[in-house]
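Colleague: I would like to learn how to read a model like this one. Please take me through it feature by feature.

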Amino acid sequence: MDVTEDMVRDVCTDAVFERGDRYLAEGRVHEIHRVDTTVTAVVSGSRQYDVRVDLAADGFAPWCDCPYDGPGTCKHVVAVLLRCVDDRPPDEGDRLDAALNGADADELRAFLREELVTDADLRDRFLAHAGGSTRRSVNELRTSIDRRFEETNPEYDVVFEPIDFTQWFDLANEYRKQGQYRSAMIVYRGLIESLDDNMERVDGAYDHFSSAFRRALDGYVDCVVATERDADTVTDAVAFLDERATSGTPFLAEHFERAAAELREEVGEQSCE
């Protein structure tokens, strides 16, 4: 889990490394915390940016909500990683474990339930972790994701900065871990439809939104294939992808076509068995 300057240089350009180093020297890294191998921080730039890295992951699995869409990671992530080279924040994991181990079970249950009542996103993830399937429709999920686009720049019909889709990807991943592939499909499809419908509003951070779209599309295809090789599910998914290829954002059409071709191949393999 040790971080070196050479490791940081490997995930960014030389110019970005210098900017990140300068940001660290200027004291722009704030509210830095670590639990196990995950480090979160706030970095001051033209505004306050949230940063998250995993010191144990290949390439540090960086995330930042800034609009950077160049090669490698951004200067805010670099500043945080460089902070971890010589002054890694203390691990709060043991403190967290001690608090959990010492908590009264009934009080902990009451606290968790209160949080779940008021936080719909956390509630969805908890229910997914407990093995339940989603009760939300694609339209409901798409509406909640669309709302994030609308809130990003309410005065104009243009989105300049990246949107954090982590909560939906985490939810889909939780369903996948529990073997609830149909529920994961619904989440991925909500992401796909919202990103496809809103892509022409994007005017910046193109790599961020394109990456999120491809990730959602790949996850959708993987889950369709994983549904016990259900031919009807595959056929319905192909129809959805074909429809989007012709009616959706033009420069995303080739991605829909590729995904549909993959699933058609799956149907062909099933018919030969």
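Modeller: Start with burial: of the 273 residues in the protein, 40% are buried. Keep in mind that this is a predicted model.

Colleague: How many helices and strands does the protein have, and what box do its C-alpha atoms fill?

Modeller: There are twelve helices and four strands. Taken along the principal axes, the C-alpha atoms fill a box of roughly 60 × 50 × 45 Å. As for contacts between residues at least 6 apart in sequence, 64% of them join residues at least 24 apart.

Colleague: How do I read the nonpolar core?

Modeller: The general idea is that in soluble globular proteins nonpolar side chains tend to be buried together. In this protein, the largest nonpolar core has 42 residues. Phe-149, Phe-165, Phe-209, Tyr-220 and Leu-241 have the most contacts inside it.

Colleague: Which helices each supply at least two residues of this core?

Modeller: They are H7 (138-152), H8 (166-177), H9 (181-198), H10 (206-226), H11 (231-247) and H12 (253-272). The helix that gives the most to this core is H10, with nine residues.

Colleague: Which residues does Leu-241 touch, not counting those up to four places away in sequence?

Modeller: Leu-241 touches Leu-217, Tyr-220, Phe-256, Ala-259, Ala-260 and Leu-263. There is also a second, separate core, made of 27 residues, and Val-11, Phe-17, Val-39 and Ala-79 are included in it.

Colleague: Let us take one of those partners. Is Ala-259 buried or exposed?

Modeller: Ala-259 is in helix H12. Buried means under 20% relative accessible area, and Ala-259, at 0%, is therefore buried. Setting aside neighbours within four places in sequence, Ala-259 is in contact with Leu-217, Val-221 and Leu-241.

Colleague: How far apart in space are Ala-259 and Val-42?

Modeller: From C-alpha to C-alpha, Ala-259 and Val-42 are 37 Å apart, and they are 217 residues apart in sequence.

Colleague: What does Glu-262 look like by comparison?

Modeller: Glu-262 is also found in helix H12. Its relative accessibility is 37%, so Glu-262 counts as partly exposed. Glu-262 and Val-221 are 41 residues apart along the chain, and their C-alpha atoms are separated by 8.1 Å.

Colleague: Now helix packing. At what angle do H8 and H9 pack?

Modeller: The angle between H8 and H9 is about 160°, and their axes are 7 Å apart. Angles over 145 degrees count as roughly antiparallel, so H8 and H9 are roughly antiparallel to each other. The crossing of these two helices is left-handed.

Colleague: Which residues make the contact?

Modeller: On the H8 side they are Trp-168, Phe-169, Leu-171, Ala-172, Asn-173, Tyr-175 and Arg-176. H9 contributes Tyr-181, Ser-183, Ala-184, Val-187, Tyr-188 and Leu-191. Sorted by class, the contact of H8 with H9 has ten nonpolar, two polar and one charged residues.

Colleague: How are H2 and H3 arranged?

Modeller: Helix H2 covers residues 14-25 and helix H3 covers residues 75-86. They pack at an angle of about 60°, with axes 7 Å apart. H2 and H3 are therefore oblique to each other, and their crossing is right-handed.

Colleague: Which residues of H2 and H3 meet, and how do they divide by class?

Modeller: Val-16, Phe-17, Arg-19, Gly-20, Asp-21, Tyr-23 and Leu-24 of H2 meet Lys-75, His-76, Val-78, Ala-79, Leu-82 and Arg-83 of H3. The residues of this contact are seven nonpolar, two polar and four charged. Phe-17 and Ala-79 are also included in the second core.

Colleague: What about Ala-61?

Modeller: Ala-61 lies in the loop between S3 and S4. Its phi is positive, about 45°, although Ala-61 is not a glycine. At 45% relative accessibility, Ala-61 counts as partly exposed.

Definitions and conventions. Residues are numbered from 1 along each chain as its sequence is written. This is a predicted model: local features need pLDDT of at least 70, side-chain atom pairs count only at pLDDT 80 or more; totals for chains, interfaces and linings use all residues. Side-chain values use heavy atoms; hydrogens and water are left out. A nonpolar core is a set of buried Ala, Val, Leu, Ile, Met, Phe, Trp, Tyr and Cys residues joined through side-chain atoms within 4.5 Å. Buried means under 20% relative accessible area, exposed over 50%, partly exposed in between (1.4 Å probe, protein chains only). Contact means heavy atoms within 4.5 Å. Axes are lines fitted to C-alpha atoms, for helices over the stretch in contact, and angles run from 0 to 180 degrees between N-to-C directions. Angles under 35 degrees count as roughly parallel, over 145 as roughly antiparallel, 65 to 115 as roughly perpendicular and the rest as oblique. A crossing is left-handed if the near helix is turned anticlockwise from the far one by less than a right angle, and right-handed if clockwise. Ala, Val, Leu, Ile, Met, Phe, Trp, Tyr, Cys and Pro count as nonpolar, Asp, Glu, Lys and Arg as charged, and the others, Gly among them, as polar.
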